[in-house]
Amino acid sequence: MAGNFGDQYYNTIGDYLKKRFGCKVIKLSLDAGFTCPNRDGTKGKGGCIFCSAEGSGDFASNIPDQIRLLSKKWPSGKYIAYFQSYTNTYAPVEVLREKYYQALEYPDVIGIAVATRPDCLNPQVLDLLSELNKKTFLWIELGLQTIHENTAILINRCYPLADFNHAVEELSRFRIKTVVHLILGLPGESRNDMLDSVRYVSDKQIFGLKLHLMNVLKNTKLTEFYPDRIHIPKKEEYISLVVDALETVPPHITIHRVTADAPRHLLIAPEWSYEKRSILNGIQKEFKKRGSYQGIKESYVIQE
Ligand code: SF4
């Protein structure tokens, strides 16, 4: 298949992990009980306008429970402890150390992924991450969402693009893998705005990229924009946008997500958001139809 991604048209993190570890590797979604500086008033209040305040469970029992369930389906699988909820470097460094090392005590946990904000990586945290990076497989996820400052203000992100650039440089200096989150469909953004964000981060020293479909969730500020001030795409339009985006991403960058999982009880729009299998199949079909693959338009130029 063109692009050399096995039976896919893009470089999925699942395939990368399988090649690297020789088995199925599954992420364990963890809520370690942290909060976020954009919620507690340190950086902002109320959080980003799309962010739901729900956590996802109790850390202590989370790892063994999840492994017990998942090992029924993948008996020889291994796991990455994914610190997912809120800002997972936003705590005293000794608390972070305890939580990260606690996760590594489980023999089938072969690595750690940490989701955080670029403005929450102080020198002590970076030292700890560097130490971990030498001991285990590690990546850090940075929630950027957009490179455009006017959108960042609108969504109440509460840090500038310069913080992201600095964080990527610092993580790269410590040879720590960086994964960037972007959202496709933020209010006020054109197709070109979104593609420019994808291309901008793809030019950085990053390991991976997550493309999130913009879901409108109950109990978020974003509901105030719905339905009049936010464009909700049709499924086909979203699929075409994802393929346009991936065509500009260099093939060495791993793709961690091309849609989004919304809790059913919270989702308002788009109503097709649950149809994950159909979205993924649609992306494969669109690549096939175009005769293209990830990176085919690597020389895409950011629009001025
Ligand atoms: S999206 Fe992330 S940074 Fe924004 S409020 Fe939610 S947890 Fe905080």
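Predicted model: local features only at pLDDT ≥ 70, side-chain atom pairs only at ≥ 80, totals over all residues.
1. Ground rules: local features need pLDDT of at least 70, side-chain atom pairs count only at pLDDT 80 or more, and totals for chains, interfaces and linings use all residues. Numbering starts from 1 along each chain as its sequence is written, and side-chain values use heavy atoms, with hydrogens and water left out.

2. Take α3 (residues 93-104) and α4 (residues 123-135): their axes come within 10 Å and cross at roughly 20°. That makes α3 roughly parallel to α4 (angles under 35 degrees). Helices here are DSSP runs (H or I, at least four residues), numbered from the N terminus, and axes are lines fitted to C-alpha atoms over the stretch in contact, with angles from 0 to 180 degrees between N-to-C directions.

3. Who touches whom? On the α3 side, V93, L96, R97, Y100, Y101 and L104 meet Q124, V125, L128, L129, E131, L132 and K135 of α4 (contact means heavy atoms within 4.5 Å). By class, that contact has nine nonpolar, one polar and three charged residues.

4. The whole structure has one cavity of 30 Å³ or more. A cavity is a set of points on a 1 Å grid over the protein atoms alone where a 1.4 Å probe fits but cannot get out; lining residues have an atom within 4 Å of a point. L184, G185, L213, M214, I230, H231, I232 and P233 line the largest cavity, dividing into six nonpolar, two polar and no charged.

5. G185 and H231 turn up again among the residues nearest the centre of the second largest pocket, along with E189, M194 and E237. A pocket is an open set with protein on both sides within 12 Å along at least five of seven lines. The largest share of its lining, three residues, comes from α8.

Note on methods: Helix = DSSP H or I, 4+ residues; strand = E, 2+ residues; numbered from the N terminus. Parallel < 35°, antiparallel > 145°, perpendicular 65-115°, else oblique. Nonpolar A, V, L, I, M, F, W, Y, C, P; charged D, E, K, R; others polar. Points joined across faces, edges and corners; volume = space filled by probe spheres on them.
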